[in-house]
Amino acid sequence: MDLRKTQTYVSLQILYTFLASLLMVYHATQHYNIVDQDLFWNFFTFGEMGEDLLFVLMGFTVFYTSWQFIEKGEGFKKYMVYTLSRIFFVYLALIAIPGFIVWNINPEIHSSIANISADEWWQTFTMWFGHERIAVITWVLTQLVFFVILFGLAILNKKFIYLWYLVLAISLYNLIDRVIFGVQPFGEVTDAWFKVFSPHNLEFAFGAAAFFLLHKGYRIKQYKLFLLFAIIAVFAVGAIHSQGVHDLYNSRVLNFGIVSFILTVAVINYAQFAKEIPHNIFVKLGEAEYIMLLIHGPILSIVDFKFATHYSFGWAISLAAIFGILTVSYYIRIWLEAPALNFLYRKLLGKDI
């Protein structure tokens with residue numbers, strides 16, 4: 001059975017669409033704030049939660065589709081080809097689009113964005129354009145690749161799971177330090193060792209926990225009420241953060257991460273009780289979520305700073321740009337990524353996706 005065609009996996013594509021849309025509105029909100037304006041009353045400044053939801057979903061998805069490899073003690077090549085090609089092929093292909101636009105048209109949007117930089121080793125590996133604006137993408141990419149490699153090692157030998165436990169334990173200490181003590185034993189968030197033991201590693205563990213609940217047969221019978229509760233929890237935490245009631249940024253793994261976990265579990269349970277696999281535009285867009293994450297930043301920056309923020313109806317321009325990015329990402333997925341990856345898989349593994 002292809003797990004990617006089950007109710008659970010397909011339903012989660014809707015969440016991927018949600019997180020990508022949330023991030024785009026969040027970044028548009030940032031652009032408006034920079035020029036002393038607000039977009040939708042600044043409510044969606046909590047949209048950075050989309051990154052936390054991505055880590056939780058990534059943790060669940062990898063365990064859901066690949067735990068069988070660990071149980072069998074084989075399948076390392078297949079797993080690594082699937083995951084790394086999915087991450088890097090579309091990244092290296094599509095980063096050229098915003099890279100070209102930013103480098104040639106809008107090299108310095110604003111100092112608060114243009115001065116963001118990545119670690120030199122990672123920048124050398126992924127950003128031949130040498131432009132700092134692309135660095136916003138790479139910190140998420142760093143965490144994804146790190147998690148993928150650790151999981152892959154466990155396929156080779158189950159004892160590597162203990163290495164994952166060690167990383168999680170140190171990441172938990174790093175989170176506690178960040179929230180309470182402020183000693184910063186692993187440096188700032190941009191430092192290499194902080195990335196290795198990032199608190200965000202715990203969110204992959206949240207996703208793994210969601211998988212094991214499903215794997216052990218745990219179900220929530222009142223799944224519709226639980227789903228409603230999860231949605232309310234997301235926007236309640238978002239309201240607390242975005243309206244300045246309490247700044248949750250340093251403790252985001254505890255707040256954004258946990259509500260992302262609750263939302264993931266709710267959707268998993270909803271899928272288990274659903275009679276049919278949902279097939280709608282949100283599911284289809286979910287397949288293109290990673291493409292949206294790669295191309296939306298620079299494109300939205302140009303649209304917002306050059307056009308939207310200069311007009312009273314700028315919010316409509318920003319929303320139109322987001323809709324355009326959703327549409328373009330979907331067709332890039334269908335016309336470029338899926339065919340190219342199928343070709344790659346046939347060459348390396350002798351089979352399609």
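**Close-up views of a predicted model**

At 0% relative accessibility, glutamate 337 counts as buried (buried means under 20% relative accessible area, exposed over 50%, partly exposed in between, with a 1.4 Å probe and protein chains only). This is a predicted model, in which local features need pLDDT of at least 70 and side-chain atom pairs count only at pLDDT 80 or more, while totals for chains, interfaces and linings use all residues. Residues are numbered from 1 along each chain as its sequence is written, and side-chain values use heavy atoms, with hydrogens and water left out.

**View 1. Glutamate 337 forms salt bridges with arginine 86 and with arginine 333.** A salt bridge is a side-chain nitrogen of Lys or Arg within 4 Å of a carboxyl oxygen of Asp or Glu. Side chains of opposite charge can pair when their charged atoms come close. Between arginine 86 and glutamate 337, the closest N and O atoms are 2.3 Å apart. This pair links distant parts of the chain, 251 residues apart, with arginine 86 in helix H3 (residues 76-94) and glutamate 337 in helix H15 (residues 314-349). Helices are DSSP runs (H or I, at least four residues), numbered from the N terminus. Arginine 86 counts as partly exposed because its relative accessibility is 24%. For arginine 333 and glutamate 337, the closest N and O atoms are 2.9 Å apart. These two residues are separated by about one helical turn, because they are four residues apart in helix H15. Both arginine 333 and glutamate 337 are buried.

**View 2. Aspartate 52 and arginine 252 meet in a salt bridge.** The N to O distance between their side chains is 2.7 Å. Aspartate 52 lies in helix H2 (residues 49-72) and arginine 252 in helix H12, so the pair ties together parts that are 200 residues apart in sequence. Both aspartate 52 and arginine 252 are buried. The whole structure holds four salt bridges.

**View 3. A nonpolar patch on the surface is formed by Leu172, Ile176, Val179, Ile180, Phe181, Val183, Leu254 and Ile258.** Such a patch is made of residues with over 30% relative accessible area and no salt bridge, with nonpolar side chains (Val, Leu, Ile, Met, Phe, Trp, Tyr) joined within 5 Å. Together the residues of this patch have about 710 Å² of accessible area, computed by the Shrake-Rupley method with a 1.4 Å probe, where only the protein chains shown count as cover for residues. Helix H8 (160-181) and helix H12 (252-273) each supply at least two residues, and H8 gives the most, with five. Isoleucine 180 lies in helix H8 and counts as exposed because its relative accessibility is 58%. Isoleucine 258 lies in helix H12 and is partly exposed, with a relative accessible area of 36%. From C-alpha to C-alpha, isoleucine 258 and phenylalanine 206 are 7.6 Å apart in space, and they are 52 residues apart in sequence.

**View 4. The second largest cavity has a volume of about 40 Å³.** A cavity is a set of points, on a 1 Å grid over the protein atoms alone, where a 1.4 Å probe fits but cannot get out; lining residues have an atom within 4 Å of a point. Grid points are joined across faces, edges and corners, and the volume is the space filled by probe spheres set on them. The lining consists of Ala210, Leu213, Leu214, Tyr218, Arg219, Val265, Ile268 and Asn269.

Notes. Patches are made of residues with over 30% relative accessible area and no salt bridge: like charges are joined within 9 Å, nonpolar side chains (Val, Leu, Ile, Met, Phe, Trp, Tyr) within 5 Å. On a 1 Å grid over the protein atoms alone, a cavity is a set of points where a 1.4 Å probe fits but cannot get out, and a pocket is an open set with protein on both sides within 12 Å along at least five of seven lines; lining residues have an atom within 4 Å of a point.
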